[in-house]
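Hi there,

Here is the structure I promised to pass on to you. Have a look at it first, and then read my notes below.

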Amino acid sequence: MTVLLWILAVLATPLVLLGGWLAWVFLKEFFTTDTDAALADDEATEAAAVAERLGLLPAERQNTGLAAPLPAEWTAALASVSRGAWQPAAEVLRGIGRDWERRSAFTSLLGDKAAEADEWLLSWEDARPDDPDAAVVRASSTVTLAWKVRGAQRAGSTTREQFEGFHRTLEGARADVARAAALNPDDPTPYVKEIWIALGLGRPNAEMDTLWTKVTERAPHHYEAHFSALQYWCAKWRGSERLAAGFADKAAAGAPAGSLLTALPLIAHLEHDESDDTSAENTPEMIARVDAVLADVAAADPSHPRLPEVRHLLGYFLRLQGRDRAALEQFRLVDGYVEALPWRYRADPAAEYCAFRNATAKAAEGV
């Protein structure tokens, strides 16, 4: 019996040792994870305190619908259409005239409103049947409505009914775009909207090339047009990483100072980079690209409607390159508004922006 117990004890010893080792590994991992989480929380709290001391706003005070404050007359006009009055919006568009950058920006805002409720736009169209301004807002709203029908999920999470409604609405938008273009032949805005039709319906590259010629004949350095076309050429839509990078580099190389088109190579990089570290952002080529955007931003009209979006992007890349003081300078200028890349791609844009900005502030202040 004693011999049997001795044999059993010998056989059990490895199991006991294994169990002890597994328990030690579990406890070590448990407490290490807890410690790491606590350290991360402490650092985040410290970074948030630095940001607050600098006067930067917390996540709950970030506007997730805009990249920057709007001009006062735009805000007033948008409030008016929400109440059913279209006349102030018509006055703003008339005043913008041939400033195509601002025209497309304000048209997009009105199109978003009309995609939610268009009674005010119907009244405008009834009062002025051949008004090119009303027509371009209608074109914008129909394209926006199509994308709302589709939803923001990836293709695998989008239902067949959503795709059918999306394609049907985009097909209908083509007539609205054509009418807006016919009523104001010099305006590139309808063709900018048509890029999103081509993207959504999967129009072939050759058709996109023809459309792009129409855009650039009217506005060769139009920021929103270039941003939209770059999306078409990305791998996630109708192109590839090579095509997107080529389009972005060519546009940036031929753009005048202040056009902000030097941001396009950064956007192309952001759209395709899947690495987990910052080595890809710290090559000599990427550093030169960020420097080019810094110069472009400095030369831009301070009231350029897309400047805040580019500042967000610039701050993001400057931080990734360890240039925290310069990054913080950009974030100070846009703080309070986060509807911009890269934050708009995140589940909680305000929280993601603030965490990134806070870390930038902490590093910049040497805390």
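**What I found**

The chain exposes about 18500 Å², and carbon and sulfur atoms supply 57% of that area. Accessible areas here come from the Shrake-Rupley method with a 1.4 Å probe, and for residues only the protein chains shown count as cover.

Please keep in mind that this is a predicted model, where local features need pLDDT of at least 70 and side-chain atom pairs count only at pLDDT 80 or more, while totals for chains, interfaces and linings use all residues. Residues are numbered from 1 along each chain as its sequence is written, and side-chain values use heavy atoms, with hydrogens and water left out.

On the overall fold, the chain has 16 helices and zero strands. (Helices, H or I with at least four residues, and strands, E with at least two, are DSSP runs numbered from the N terminus.) The chain has 367 residues, and 44% of them count as buried. Buried means under 20% relative accessible area, exposed means over 50%, and partly exposed lies in between (1.4 Å probe, protein chains only). Taking contacts (heavy atoms within 4.5 Å) between residues at least 6 apart in sequence, 71% join residues at least 24 apart.

Now to the charged pairs. Side chains of opposite charge can pair when their charged atoms come close. The structure holds 28 salt bridges, each being a side-chain nitrogen of Lys or Arg within 4 Å of a carboxyl oxygen of Asp or Glu.

Which residue forms a salt bridge with lysine 193? It is glutamate 224, with the closest N and O atoms 3.5 Å apart. Glutamate 224 sits in helix 10 (residues 223-233) and lysine 193 in helix 8 (residues 189-201), so this pair ties together parts 31 residues apart in sequence. Both residues of this pair are buried.

Glutamate 224 also forms a salt bridge with arginine 306, at 2.8 Å between the closest N and O atoms. Arginine 306 is in the loop between helix 13 (284-299) and helix 14 (307-320), so its pairing with glutamate 224 in helix 10 ties together parts 82 residues apart in sequence. Arginine 306 is buried too.

Another pair to look up is arginine 323 with aspartate 291, whose closest N and O atoms are 2.4 Å apart. Arginine 323 is partly exposed, with a relative accessible area of 24%, and aspartate 291 is partly exposed at 35%.

Finally, salt bridges that share partners join Lys193, Glu224, Arg306, Glu309, Glu339 and Arg344 into one network.

Happy exploring!
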